[in-house]
Amino acid sequence: MTSAALDTSWTHTTVLLEEAVDALTADRPDALGGTFVDATFGRGGHTRRLLEKLAPEARLIAFDKDAEAVAEAARITDARFSIRHQGFKNLGELPPRSVTGLLMDLGISSPQIDNPARGFSFRFDGPLDMRMDTTRGESVADWLATAETQQIAEVIRDYGEERFAVQIAKAIDARRQERGPISTTTELAELVAGAVKTREQGQNPATRTFQALRIFINAELEELQQALEASLSVLEPGGRLAVIAFHSLEDRIVKQFIATHSKEVYDRRAPFAAPKVMKLRALGRVRPSAAEVAGNPRSRSAILRIAERTES
Ligand SMILES: C[S@@+](CC[C@H](N)C(=O)[O-])C[C@H]1O[C@@H](n2cnc3c(N)ncnc32)[C@H](O)[C@@H]1O
């Protein structure tokens, strides 16, 4: 917990910038006047590059749950651009078959991680919050104060893939009974370090627990699934979907979603019926180059998956 390590510039280095923008725009000159969605505006790295590529009649609608991201978006004066302070689970409110390209760059931005007041990082002392949208919902501190010990263990095990989930949950319970709720990142990180018996090399013992609590408190996996389902209705035929995931739980959902909708499905109960036609065509996956990872270590786990909506 050193404040010396604190980066107060809170800028975000966009991951897979050209690759993601190309996935939506390259080889599609006729599509550049369409409606594009950046479902995770962040600090607008992808949005700004997209606006450079799109035609004058295009529209770019952005979403972000985070009020600070939305405030940053006010600096973009391009008339083609608008932003909604909403979760991307609301994508389905857009008109059916209206979207030409949809980008999702999942997870949190560097300004969120690096700001101690947001409580996302065990590296900085701050309130144990971790909400992307601080205007609604429950903070991690509030949730940990009342959740059942078993539920805490399940969250840490399922969303953090943490072997010591039960021990950590018991330590949290013992601590809150003895001294009241845990209210800071440092308190939680120290408590987890005491409960995790074998440390993974090069990884803080609290890494998995913090990831798990963040995913849970923001309903990240449920909202990703909802947004992917909504993409099938809002993408126009030929429209592209590009999703950047940063950990295996997210990437598995994206991969399975594209795989499920990229094949014809036969109904075993009606063997002579026509198969359900496929709704997506998988266009591949892209990893950051060695040069990108060297320049931005936070990009090292990124996986971009691309798919195209079929005519059906
Ligand atoms: C990795 S950052 C995006 C960075 C952005 N592409 C850029 O270049 O600046 C992810 C952003 O998505 C937002 N976000 C995450 N989950 C969201 C959700 N379910 N709905 C809306 N925004 C979300 C976060 O608040 C964060 O600002």
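## The second largest pocket

On a 1 Å grid over the protein atoms alone, a pocket is an open set of points where a 1.4 Å probe fits, with protein on both sides within 12 Å along at least five of seven lines, and a lining residue has an atom within 4 Å of a point. Points are joined across faces, edges and corners, and the volume is the space filled by probe spheres set on them. This is a predicted model, where local features need pLDDT of at least 70 and side-chain atom pairs count only at pLDDT 80 or more, while totals for chains, interfaces and linings use all residues. Residues are numbered from 1 along each chain as its sequence is written, and side-chain values use heavy atoms, with hydrogens and water left out.

The second largest pocket comes out at about 280 Å³. It has 14 lining residues, and the closest to its centre are Lys65, Lys89, Asp133, Arg136 and Glu223. By class, the lining of this pocket has seven charged residues, six polar and one nonpolar. Here Asp, Glu, Lys and Arg count as charged, Ala, Val, Leu, Ile, Met, Phe, Trp, Tyr, Cys and Pro as nonpolar, and the others, Gly among them, as polar.

## Two domains

The chain splits into domain 1 (3-110 + 220-309) and domain 2 (137-217), with bounds from an automatic or database domain assignment. Their C-alpha centres are 30 Å apart. Where they touch (heavy atoms within 4.5 Å), domain 1 puts in 10 residues and domain 2 six residues.

Helices (H or I, at least four residues) and strands (E, at least two) are DSSP runs numbered from the N terminus, and two strands pair if DSSP finds at least two bridges between them. Seven strands make an open, mixed sheet, ordered β3-β2-β1-β4-β5-β7-β6. At the edges sit β3 (81-84) and β6 (280-286), each pairing on one side only. Neighbouring strands are turned by 15° on average, direction ignored.

Helix α10 (residues 220-234) packs on this sheet, touching β4 (99-105), β5 (235-245), β6 and β7 (303-309), and its direction makes about 160° with that of β5. Helix α11 (residues 248-261) lies across β5, β6 and β7, at about 25° to β7. Axes are lines fitted to C-alpha atoms, for helices over the stretch in contact, and angles run from 0 to 180 degrees between N-to-C directions.
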